[in-house]
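Hi,

Here is the structure for you to look through. Please open it first, then read my notes below.

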Amino acid sequence: MDTYTGVILIAVILVVVLMIGTMKSRAEWMINFLLRGVLGMMSIYFVNFLLADVLPGVQIGYNAITFLTTGILGFPGIAMLYGINFYMLL
C-alpha cells in the first residue's frame with residue numbers, strides 16, 4: 001500500500017508543477033497578445049493620420065476585428081489589413 005501512496009504523491013506533484021507552468025505561459029501569452037493589439041491599434045492610428053492627406057480612402061477602422069488581427073499577427077497583420085484595403089480600392 002505504501003508503494004501506491006508514493007506513486008500517487010509523485011503524480012500529484014507532477015500535475016501541480018505542470019499546471020503552474022501552463023498558467024505562467026498562458027499569462028505571458030495574454031500579455032503579449034494585449035501589447036501587440038494595443039501597439040497595433042496605435043500604429044493604425046498614426047498610419048491613418050499620415051495617409052489622410054495623401055490617400056483619403058485608405059484609412060482602416062478601429063474595431064474588434066482589427067484589434068484581434070493585430071493582436072494575433074502583430075505588425076504583419078497591420079500590413080495585411082492595409083494590403084486588403086488597397087486591393088479593395090482597385
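**What I found**

Of the chain's 90 residues, 21% count as buried. Buried means under 20% relative accessible area, exposed over 50%, and partly exposed in between (1.4 Å probe, protein chains only).

Some ground rules. This is a predicted model, so local features need pLDDT of at least 70 and side-chain atom pairs count only at pLDDT 80 or more, while totals for chains, interfaces and linings use all residues. Residues are numbered from 1 along each chain as its sequence is written, and side-chain values use heavy atoms, with hydrogens and water left out.

Now the fold. The chain has 3 helices and 0 strands. Helices are DSSP runs of H or I with at least four residues, strands are E runs of at least two, and numbering starts at the N terminus.

Next, the overall shape. The radius of gyration, taken over C-alpha atoms, is 23 Å. A compact globule of 90 residues would be near 12 Å, by the rule of 2.2 Å times the number of residues to the power 0.38. The C-alpha atoms fill a box of roughly 80 × 20 × 15 Å along the principal axes.

Which residues make up the largest nonpolar core? They are Met-41, Ile-44, Val-58, Ile-60, Ile-78, Leu-81 and Tyr-82. Such a core is a set of buried Ala, Val, Leu, Ile, Met, Phe, Trp, Tyr and Cys residues joined through side-chain atoms within 4.5 Å. Helix H1 (2–51) and helix H3 (75–89) each supply at least two of its residues. The largest share, 3 residues, comes from H3.

Finally, Leu-81. Leu-81 touches Ile-44, Ile-60, Thr-66, Thr-69 and Thr-70, leaving aside residues up to four places away in sequence. Contact means heavy atoms within 4.5 Å.

Best wishes
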